[in-house]
Amino acid sequence: MALIRDLAARATARLIAGFARLVTGVYGDWRGCQPALDQRVYFANHTSHGDFVLIWTVLSARARRQTRPVAAADYWNVPGLRRFIGAHVFRALLIDRRAGGGSAIAAMTDALAQSDSLIIFPEGTRNTGDTPLLPLRAGIHHLALAWPGVEFVPVWIDNISRVMPKGELLPVPLLCSVIFGQPISATPDEPREAFLQRAREALLRLKPGEGAA
Amino acid sequence: MTNLTDRQWLLDHSTPVLFAGLGVVLLLATAIGRALAWVHGNTPTIDNLNQRIDAWWFMVAAMGVAFIFGLTGLAILFAILSFWALREFLTLTPTRHADHSSLLLLFFIGLPVQYLLVWQQWYGLYSVFLPVYGFLVLAIAATLRGDTADFLQRVSFVQWGMMICIYFPSHVPALVTLPLASGRAADGLLLIAFLVIVVQGSDVLQYVFGKLFGRHPVSPRLSPSKTWEGLVGGIASATLLGTALWWITPFSMPAAAGMAFVICVTGFFGGLVLSAIKRDRGVKDWGRMIRGHGGILDRLDSVIFAAPVFLHLTRYWYTV
């Protein structure tokens, strides 16, 4: 049974990645680091439900199996296909949004202790407005301080909000790209605000049409 | 054998002969490219040259497969090319949320219906469907959501995408549907071969002459790689190439030279106009679809301008 479920999960993974490529033509632009199996925390801008699928699609099949997206439990922990995909295809790290930030950090710490990589969205919520990036939450600073050996890779997801704007039924097949920047790390003597500012700038630098190309 | 029977044999087998010829040219190019890499090492220019040549094998093979299936194959091939071109074009244009329905209309109705009309050989409708009805519908669709910010700019972007990426490329398969005075069915297919070989030959020869002799840029701000030496050498030699292919066309030899010249010049300006749009959008290539060439639009830019002009000139003088 477990074997069948595992095979089904792998087949579904390929199907989802193939579909994402077909609709969005997504490609990974490894600008500041190379694809690797090192333990990493990918932190990205968040504008759509499809965000972590795109990051996950451009990772190699092996990297995917050790990389867990951090997602909301109330969305993914619903019986049926969604739970199967959440738990077995993406192996999502489900966070109970009502339980507060502390338990979320604890869950991520557990996952990192098992040498998994993570995909996180430090804005904390989907950005549906006109500003390119919301203020980052403090959680990423806690993680970066606690795990100095893990690479924190900034990731900019471009165009997905145009493919499927909020409230639309059908996607427009525009091209999306996932741009990986240079990893950053935290030091104990750096104030939290300074680190968050640095993380924010690392993300915005990757945004096409801004900063150094 | 007399010249007459020679020509008859060539005409009966012109498509295989053409593709065999292209195969020989590509083999030569591949050999030269690899030899350059062996002698000079893999400099970026030589790497890019070899990537371009390798991509040409795929592009010629795709055309070959489409030719086997005639109008249907070509309509499908160019519909796919249009789809890729349109997504490249619209990805680089600053549309807003309010343009979502315009984009959906273009991708899911405008594009398939246009190619369906070409496939139906309905000249009276495929030649006005997008420029008349498409133009109006896109303008109307843009007003429906009440967003007036950058209105004219946004509508124009989408309308340009429609013309550049769907309407003009659809004229390539439409060449098959022309009721040629010669009455031979294969002549329509060979018109496409003539157009594509001359326009792409002109691009390649401009590149070759530019790399070998290029000194004086035509328009440094638009496209630093286009030089007068490349332009004159490329267009002159591609016009000769087209003249040498007169036997596959319904044209006389001087007329074939004239047609080839018009194709080369319009093709050159197609490249220049699309370069201007790229500079305006701040990118070097339209995409990364074809290794070494950039995006689909980087390869299709000259065809886009040459195809409609070539179709209408041929239709005016050589159809019943």
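Here is a short exchange about chain B and a helix of chain A in a predicted model.

Residues are numbered from 1 along each chain as its sequence is written, and chains are lettered from A in the order in which they are written. Local features need pLDDT of at least 70 and side-chain atom pairs count only at pLDDT 80 or more, while totals for chains, interfaces and linings use all residues.

Reader: What makes the radius of gyration of chain B agree with a compact globule?
Author: The rule, over C-alpha atoms, is 2.2 Å times the number of residues to the power 0.38. For 320 residues a compact globule would be near 20 Å, and chain B has 20 Å, so the two agree.

Reader: Glad to hear it! What share of chain B is called buried?
Author: A residue is buried if 20 or more other C-beta atoms, placed from the backbone, lie within 10 Å of its own. In chain B, 42% of the 320 residues are buried.

Reader: How many residues of chain B are in contact with chain A?
Author: Contact asks for C-beta atoms, placed from the backbone, within 7 Å. By that rule, 13 residues of chain B are in contact with 12 residues of chain A. Helix H4 (70-91) and helix H5 (100-119) of chain B each supply at least two residues of that side; helices are DSSP runs (H or I, at least four residues), numbered from the N terminus.

Reader: Which residues of H9(A) are buried, and why are they said to share a side?
Author: They are A:Phe195, A:Ala199, A:Ala202, A:Leu203 and A:Leu206. Their arc, taken from the directions from the helix axis to the C-beta atoms, is only 95 degrees, which puts them on the same side of H9(A).

Conventions: A residue is buried if 20 or more other C-beta atoms lie within 10 Å of its own, exposed if 12 or fewer, and partly exposed in between; C-beta atoms are placed from the backbone. Two residues are in contact if their C-beta atoms, placed from the backbone, lie within 7 Å.
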